Amino acid sequence: MSKISPLQKARAAYAPKLPPALVNGAKVKVAEGAPTTAVADAEKIQKLFSATFGSPVLTFEAGSGDSQAYPAMNVGVILSGGQAPGGHNVIAGLFDGLKSLNPANKLYGFLNGPDGLVKNKYMELTSELIADYRNTGGFDMIGSGRTKLEKEEQFKQGFANCQALGIQALVIIGGDDSNTNACLLAEYFKKNHLPINVIGCPKTIDGDLKNDQIETSFGFDTACRVYSELIGNIGRDANSAKKYWHFIKLMGRSASHIALECALQTQPNIAIISEEVAAKKMTLGAIVDQMAAVIAKRAANGDNFGVALIPEGLIEFVPEVKALIAELNDLLAREAEAFGKLNDADSKIAFVQGKLNAAEAAVFNTLPRGIQLQLCLDRDPHGNVQVSLIETEKMLAEMVRTRLQELAAAGKYNGKFSPQVHFFGYEGRCAAPSNYDADYCYSLGYTAAALIGAGKTGYMSSVRNTTRPASEWVAGGIPITMMMNIERRHGEDKPVIRKALVELDGKPFQFFAANRDAWAVETGYVYPGPIQYFGPSEVCDLVTKTLLLEQSK
Ligand code: FBP
């Protein structure tokens, strides 16, 4: 590794905390619960996962009482999908856990995501290498990628590559889709009597891989703290200069957990929650009206400034925009040739306007020109609009400006509106993990080693009770099939882990909803400041507001 910062140097010495069952190593006693079922569509899931379905929830108790080293084995690890703070600590925990089972155990990292498994690109992870990455952010130790592991040819190739390395267990660190695929792989191996076990670990800053058994996905805590620090700084600037409205888009491809957590941490004047927009079937116009109303109210109090949080996935939750995008996808696929011959932006927009159905055309016509063009141009290899590239924050700022001009003309607004737009996403994904994520990730990795030592497959590593001190954390394994249901994906019924959206009757949203009207008019910003790695526990060992509220009785 090249030059490291003083913080990184000091942080390398941090010893992450472990649940009590693991403090003396990964040889654990395993307590088995009752057989499990699926979160929905149990019959279909059982049919698809006949070899792995129904396994019990596992809880670890300290020490198997076995003083013998377990037989030596080789294990592979893969990072899958978007970066999330703490991934290196999962690998460090896995490495240390495996060594506690038998010092001769070896860990191989497949490079650049699942692709590395299929293409046989790997490196052995030695203690020297791991030492360089302890408590660091990023996934750069072995890299990540978004290749989906779902086809039988990939499974066969993966098996052959693992066999050549003597690998008996694979750990896949990923989000809901990657863990669904980990489960498919576990099923394939078990059904075909191929001696490789598969364990998943819950990762994603989006916070949407959680359920009754998995409290949170790793990385959510750190990413939200980084964004909240920045939002707090911007709030303080806004309240100092008193001249700008800041429209801040926050990452989170689909669910609004990040926007909600950041709102709970910083108390902005506006925070849009996509799930509420969908539930109330709000139009874009209604969202704009709501924002303009808050801006006008603050202006009437002499406050021509504010902070608004906008979740990245918003526009797909607005029913009319969703319908427009679906029609645009079809239209541009159907008319690809004719559309491709058009050279300038105006003729492209006019072409689309002329071919859309009346309802969709009406929505299209309300959008600012830049967004209209983005919707026509930015498409992924499957021909779909790349929603994450759409600058919702700019779109809303422009639409709100127009609405405020109308209000002013009607004598209902007499303020100044100067928007500043921001997008926070990559700023947080590779941050040095907070103590929470450093401990949680290390524990998840160590737990994966214990599950491997116990010969389990098709499980997700689980560490619970994390709002309490680590000395009360509970480690174990959750059968992945237990989290599954059947969903329609690309026109087909597929078994998938159910994505956790923001629950409108859940305590985090309810708390936000009870306070947002006051936060809209008062300037009650909270300034969380940067993540603290050293110092008193009350500033270093924080837990997200979301988790605290969810776990509160
Ligand atoms: P994962 O679900 O794979 O963890 O990724 C989440 C995320 O960070 C989203 O918040 C964001 O929309 C997306 O990745 C961006 O990914 P990319 O940089 O690959 O486009």
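**Group meeting: a walk through the predicted model**

Okay, so the protein chain here has 23 helices and 15 strands; those are DSSP runs, with helices being H or I of at least four residues and strands E of at least two, numbered from the N terminus. Before I go on, this is a predicted model, so local features need pLDDT of at least 70 and side-chain atom pairs count only at pLDDT 80 or more, while totals for chains, interfaces and linings use all residues. Residues are numbered from 1 along each chain as its sequence is written, and side-chain values use heavy atoms, with hydrogens and water left out.

Let's start with the overall build. For 553 residues, a compact globule would have a radius of gyration near 24 Å, and the protein chain comes in at 25 Å, which agrees. That radius is taken over C-alpha atoms, and the globule rule is 2.2 Å times the number of residues to the power 0.38. Along the principal axes, the C-alpha atoms fill a box of roughly 80 × 60 × 50 Å.

How much of the protein chain is buried? It's 55% of the 553 residues, where buried means under 20% relative accessible area, exposed means over 50%, and partly exposed is in between, with a 1.4 Å probe and protein chains only.

Now contacts, meaning heavy atoms within 4.5 Å. If you take those between residues at least 6 apart in sequence, 78% join residues at least 24 apart.

On charges, we've got 56 positive and 59 negative, and their mean positions are 1 Å apart. Lys and Arg count as positive, Asp and Glu as negative, with His and the chain ends not counted; each charge is placed at NZ of Lys, CZ of Arg, CG of Asp or CD of Glu.

On to the aromatics. Rings of Phe, Tyr and Trp (its six-membered ring) pair if their centres lie within 6.5 Å; planes under 30 degrees apart are stacked, over 60 edge-to-face, and the rest tilted. That rule gives 13 aromatic pairs. One of them is Tyr108 with Tyr122, edge-to-face, at 5.8 Å centre to centre and 85° between the planes. This pair links distant parts of the chain: Tyr108 is in strand 4 (residues 106-110) and Tyr122 in strand 5 (residues 122-124), 14 residues apart. Tyr108 is buried, at 9% relative accessible area, whereas Tyr122 counts as partly exposed at 36%.

Trp245 and Phe247 have ring centres 6.5 Å apart and planes at 80°, so that pair is edge-to-face too. Both Trp245 and Phe247 are buried. There's also a cluster, where ring pairs link Phe155, Phe159, Tyr188 and Phe189.

Next up, Ile248. You'll find Ile248 in strand 8 (residues 245-250), and it counts as buried because its relative accessibility is 0%. Which residues does Ile248 touch, not counting those up to four places away in sequence? Those contacts are Ile231, Ile234, Val307, Ala308, Leu309, Ile310, His422 and Phe424. Ser127, on the other hand, is 41 Å from Ile248, C-alpha to C-alpha, and 121 residues away in sequence.

Last topic, backbone angles. Most residues other than glycine have a negative phi. Asn112, though, has a positive phi, near 60°. Asn112 sits in the loop between strand 4 and helix 4 (114-119), and is partly exposed at 48% relative accessibility. Lys242 also has a positive phi, near 55°. Its loop runs between helix 8 (220-241) and strand 8, and Lys242 is partly exposed, at 46%.
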